[in-house]
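Please take a look at it before reading on.

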Amino acid sequence: MATTATEHKLLIDGEWVETGEWLDVHSPYDADLVGRVAKAGVDEVRRAIDAAEHAMRKPLPAHERAGILDRVAELLEQRSEEAARTISGEAGKPMKAARVEAARAVSTFTMAAVEARKLAGDVVPMDASPAGVGKLALTLRLPVGVVAAISPFNFPLNLVAHKIAPALAAGCAVVLKPASQTPLSALFLATLEDEAGLPAGWLNVVCGSSGEIGDVLIEDERVRLISFTGSAAVGWRIRERAPRKRVNLELGNATPVIVAEDADLDDAAARLAANAFSFAGQSCISVQRIYVERTAYEPFLERFLPKVEALVLGDPADEDTDVGPLISSSDRDRVLAWIEEAKERGATVLTGGALEGDLLRPTVVADAPPDAKLSCEEVFGPLCTVAAYDSLDDALALANGTRFGLQAGVFTRDVRRALRVAQELEFGGVTVNEAPTFRADQMPYGGVKDSGNTREGPAYAVREMTDERVVVLQL
Ligand code: NAP
């Protein structure tokens, strides 16, 4: 059942399957071939859905599902260095960040095991109205059905974990389609599920061109829930194409942070410098827009810019590297074009803004107009903007001035100000005195507006992946 070092098969109905066609996976850093995966066509996707539907006809009891999830967590912990190297090789993620991702995936499985063990319904207080007197009612939480999971390139292990772990906890079989740029971490995880004793059909992994296999996965009626993480453009289009299914969307952001005059500026500068550039800004909650109260603006920059300039740019495999490549040269060129657009409209590059070899240096841009792409679209690159504000009302309006609403942050020592900001920012999560890039896997995580329509984190995803059925007993 094991895959070879460089060639990886699909997992369908418990079998590792070749298709005769391969998808090459290249390092975003030096374009080296890091692996090849069997390429699925429509037939393989249909077989994967058949297998998932068939598996669910024989439900696995909660203790077995929880046991498997716990075993995957153990195996992943034992092999976390291999997982980190796989992430780093295919995504170009610096090893420091790849190790954090691998550790988080362990915790995602551990928490999903807890959810599997405690999945339960409620007792309904039937005598709360005269109509219910003499009756007892309870609710059951039942798996929604086959889940199609579609994952992005930027957290190729933990965002796959955030789909398959809660689905298995909920009792749903999964057909997973990982991003074509980064399928190796997903297949590595599938080998661990296999080793942990997951029976055939409960997890199926199909890799391939979304243009060729996306429609069949989305439109097959046996798929009851689509769990999608990726760009807003693709996510909302999938939802339009599947109006009768549950389509859970985790999408992008243009993450703002407000730094008030009374903030601990040393701490804010350190946290924001680390979290605007980690994985070259390719996190959906990478710090992108920093608004600083005017009286603190220069002191903040004095602390912030040297920290940005000290970040080490280079090969993601090197232990010292903080910032590596973007996923593709076209993404790098897009970010450079957005910098030019902002400059033409009066913005100033305070540091970076140019290439060092093939890599884009960490870039800080001051005074980009609020409607420049850098200010309102998702940059997904090693770049943040800075601007001074005069009143908190102005700062809130600037921070909310985007179609996105995933996470945002505020730095202040004034608890009333912090709570006002937390209430008035239109985002799914607000961090206080922490960069909004912070996420722990027990948190509810998800957005409003164009950033999505659901919450992930095993406890919340399990709710989404189960249906509530009421059972009424006449006593
Ligand atoms: P993407 O281009 O939207 O792709 C995401 C996934 O969708 C990939 O597996 C892709 O497959 C697939 N896909 C694309 N077109 C499809 C179609 N027509 N039908 C079915 N599947 C389709 O996103 P990405 O560039 O990989 O990831 C970056 C984006 O993800 C950013 O916007 C980021 O903010 C967002 N993100 C959000 C969260 C969150 O939790 N909110 C977390 C991480 C990332 P192929 O690779 O084969 O095209």
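How exposed is aspartate 450, and what is its relative accessibility? At 25%, aspartate 450 counts as partly exposed; that class lies between buried (under 20% relative accessible area) and exposed (over 50%), with a 1.4 Å probe and protein chains only.

A word on the source: this is a predicted model, where local features need pLDDT of at least 70 and side-chain atom pairs count only at pLDDT 80 or more, while totals for chains, interfaces and linings use all residues. Residues are numbered from 1 along each chain as its sequence is written, and side-chain values use heavy atoms, leaving out hydrogens and water.

The whole structure holds 38 salt bridges, each a side-chain nitrogen of Lys or Arg within 4 Å of a carboxyl oxygen of Asp or Glu. Among them are these:

| Pair | N to O distance |
|---|---|
| Aspartate 371, arginine 345 | 2.6 Å |
| Arginine 403, aspartate 450 | 2.8 Å |
| Lysine 449, glutamate 426 | 3.3 Å |

Lysine 449 belongs to strand S23 and glutamate 426 to the loop between helix H14 (415-424) and strand S22 (429-432), so their contact ties together parts 23 residues apart in sequence. Helices (H or I, at least four residues) and strands (E, at least two) are DSSP runs, numbered from the N terminus. Lysine 449 is partly exposed at 32%, and glutamate 426 is partly exposed at 40%. Aspartate 371, by contrast, counts as exposed at 51% relative accessibility.

Elsewhere, Asp50, Glu53, Arg57, Asp220 and Arg222 are joined in a salt-bridge network.
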